[in-house]
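Happy to walk through this one with you. Let's take the labels one at a time and check what stands behind each.

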Amino acid sequence: MVIGGGLAGLSSAVALADAGFRVRLLERRPFLGGRAASYDLPGGEHVDNCQHVTLGCCTNLSDFYHRVGAGHKIAFYDRLVFVDSAGHRAVLQASPLPPPFHLAPALALYPFLTWSERRAIGHALMAIVRRDQRNADDGCAGTSMLDWLRRQGQTSAAMDRFWRVVLVSALNAELDRLDARYGLDVFWKAFLSNRAGYRFGVPRVPLGELYDGCRTAIERRGGEVTLRAPVRRVRVSDGRVAAVEMDTGQDETADIYVLAVPHDAVLDLLPAQMTGEMPLFANLRRLRVSPITGVHFWFDRDVMAEPFLTALDSTTQWIFNKSRLYGQPGGRYLQLVISASDGLMPRSRQEIMDLCLAELRALLPATRPANLVKATVVKEAAATFLPEPGSDRWRPSQRTPLPNLYLAGDWTATGWPATMEGAVRSGYLAAEAILAAAGFPRQLVLPDLPAEGLARRLASHVRRPSPPC
Ligand SMILES: Cc1cc2nc3c(=O)[nH]c(=O)nc-3n(C[C@H](O)[C@H](O)[C@H](O)COP(=O)(O)OP(=O)(O)OC[C@H]3O[C@@H](n4cnc5c(N)ncnc54)[C@H](O)[C@@H]3O)c2cc1C
């Protein structure tokens, strides 16, 4: 039984069904996808909970989409466009140079920083390449990204107009609240080690349509998917899960249980004595959360030609042209994303709309004469756990002390931050643990993209000590 139909629950359920298990998946809400879902607004519009993007380095998410027949529903782009409030633009696109230098020409031409700032960024990127990539515990864990960047001599302009632009949206935390290890990994995996790592994957369809094949994969093996099925509590007896109690009061049983709900929901579902005494569960209280805000705007005419833009120097961080991404002509429907949006949480939806609309009018001249037809704001207060320095040690493994209980979720120990890739890895890891315990060990988690070209040689042959954290 898998409890929770987000990416972690779906990926474990589908992998176990593929391995021959009969899986019952229970999801509280009327749709699948969890935080990466889409749904109807009261006004009738079908919207993503928030724009979700993947990267070329997300090997397991890609594997999952292909397993459920959704691989072709993701469009990949290799050209990222940055725009500042004065309308200046920069393009990040790979050159023919081998990794880790494939993006170096784009960085050299990056117009928002001085030449010496760009050179300092180059040095810091080389320090990332020279880290011992095979040694995850290289002393950086526990240091903030801001401290690491300061030690690399980065100016505040370089932080704001380069490092922050990438990392705050990738990791949903400001640089001072971000464990350096996560930040360094993002640059290594996405921008330095492999030419394909930074390719930007955006769904061509509403998020909900990515999961159409999950139900089929589960039902093909005699399993079932039940929506609107909230579990009220997990009953534990004699050191094992005995049953789950549904909201209706009815008990449901299975041989093996995967709890694939958000980490705070785990604490609500398990017996209080257990979550108080067992460090694996008790430590979940130490994981803090971080918000993301999405703003949807519908205009009366086309206002944007590009599929998406990255904004500098504004509250708005990304602008997605949803019309174009869905293959419709023009660009009337835009979605804006603001990660680590703590500052917006106390503000009213109207204030947030006004702020973002004013920024949009500065960034995109075509919006100035256009009329806003509709708008909505989605605030996700607990979008992801906060990857603050040292937080990794509070993330539990997918195995628990209870022999028939496993955990899955982007907050479990995957080595990845809270992303769709992290959620799928956790689902695959839970399925691997179940298969191993059942006597059918199998590797489901795919490795990262291999380091290519000079990146491989530099990372494996330059045996200098890791840059100090
Ligand atoms: C606004 C926003 C933007 C994001 N953008 C990106 C992005 O661009 N790229 C990216 O990679 N990641 C992004 N993420 C992160 C990504 O969505 C998550 O990391 C991932 O979806 C988490 O999946 P999960 O299965 O671990 O958890 P969830 O998606 O939270 O799934 C848990 C499921 O459990 C269900 N559940 C809870 N309690 C019960 C119960 N008692 N009984 C039954 N079911 C229950 C929930 O309804 C939910 O469906 C974003 C997240 C948010 C919120």
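Q: Where does Arg24 lie?
A: Arg24 sits in strand S2, which covers residues 24-26. A word of care before we go on: this is a predicted model.

Q: Why is Arg24 called partly exposed?
A: Its relative accessible area is 24%. Buried needs a value under 20% and exposed one over 50%, so Arg24, at 24%, counts as partly exposed.

Q: What makes the link between Arg24 and Glu252 a polar contact?
A: The side chains of Arg24 and Glu252 are joined at 2.7 Å. The cut-off for a pair of N or O atoms is 3.5 Å, and 2.7 Å is within it, so the pair qualifies.

Q: Which residues is Arg24 in contact with, leaving aside neighbours within four places in sequence?
A: They are Met1, Val2, Glu224, Thr226 and Glu252. Thr226 is 202 residues apart from Arg24 in sequence, yet their C-alpha atoms are 7.6 Å apart in space.

Q: How do you know that Leu336 is buried?
A: Leu336, found in strand S18, has a relative accessible area of 0%.

Q: What is Leu336 in contact with, leaving aside neighbours within four places in sequence?
A: The list is Thr293, Gly294, Val295, Phe297, Thr316, Trp318, Ile319, Cys356 and Leu360. For Phe297, 39 residues apart from Leu336 along the chain, the C-alpha separation is 8.1 Å.

Q: Why is Asp179 called buried?
A: Asp179 has a relative accessible area of 2%, and the limit is 20%, so the label buried applies. Asp179 lies in the loop between helix H6 (156-171) and helix H7 (180-192).

Q: Is Arg228 buried or exposed?
A: Arg228 has a relative accessible area of 62%. Exposed means over 50%, so Arg228 is exposed. Its place is in the loop between strand S10 (224-226) and strand S11 (231-237).

Q: Is Ala340 buried or exposed?
A: At a relative accessible area of 11%, Ala340 falls under 20% and is therefore buried. Ala340 is found in the loop between strand S18 (333-339) and helix H13 (349-363).

Q: What kind of peptide bond joins Pro99 and Pro100?
A: The bond between Pro99 and Pro100 is cis, with omega about 10 degrees. Most peptide bonds are trans. Pro100 is in the loop between strand S8 (89-93) and helix H3 (104-108).

Q: Which residues touch the most other members of the largest nonpolar core?
A: That core has 129 residues, and Phe64, Met145, Trp148, Trp163, Phe187 and Leu259 touch the most other members. Apart from it lies another core of 23 residues, among them Val303, Leu309, Ala370 and Val377.

Q: What does Phe187 touch, not counting residues up to four places away in sequence?
A: Phe187 touches Leu125, Ile128, Phe162, Trp163, Val166, Leu167 and Leu192.

Q: How many residues surround the ligand, and which are the closest?
A: There are 34, and the closest are Glu27, Arg35, His52, Asp410 and Met420. By class, the shell has 19 nonpolar, nine polar and six charged residues. Helix H1 (7-18), strand S19 (372-385) and helix H14 (420-437) each supply at least two residues of it.

Terms used
Residues are numbered from 1 along each chain as its sequence is written. This is a predicted model: local features need pLDDT of at least 70, side-chain atom pairs count only at pLDDT 80 or more; totals for chains, interfaces and linings use all residues. Side-chain values use heavy atoms; hydrogens and water are left out. A nonpolar core is a set of buried Ala, Val, Leu, Ile, Met, Phe, Trp, Tyr and Cys residues joined through side-chain atoms within 4.5 Å. Buried means under 20% relative accessible area, exposed over 50%, partly exposed in between (1.4 Å probe, protein chains only). Contact means heavy atoms within 4.5 Å. A residue is near a molecule or strand if one of its heavy atoms lies within 4 Å of it. Helices (H or I, at least four residues) and strands (E, at least two) are DSSP runs, numbered from the N terminus. Ala, Val, Leu, Ile, Met, Phe, Trp, Tyr, Cys and Pro count as nonpolar, Asp, Glu, Lys and Arg as charged, and the others, Gly among them, as polar. A polar contact is a pair of N or O atoms within 3.5 Å; within protein, one must be able to donate a hydrogen and the other to accept it, and residues adjacent in sequence count only if both atoms are side-chain atoms.
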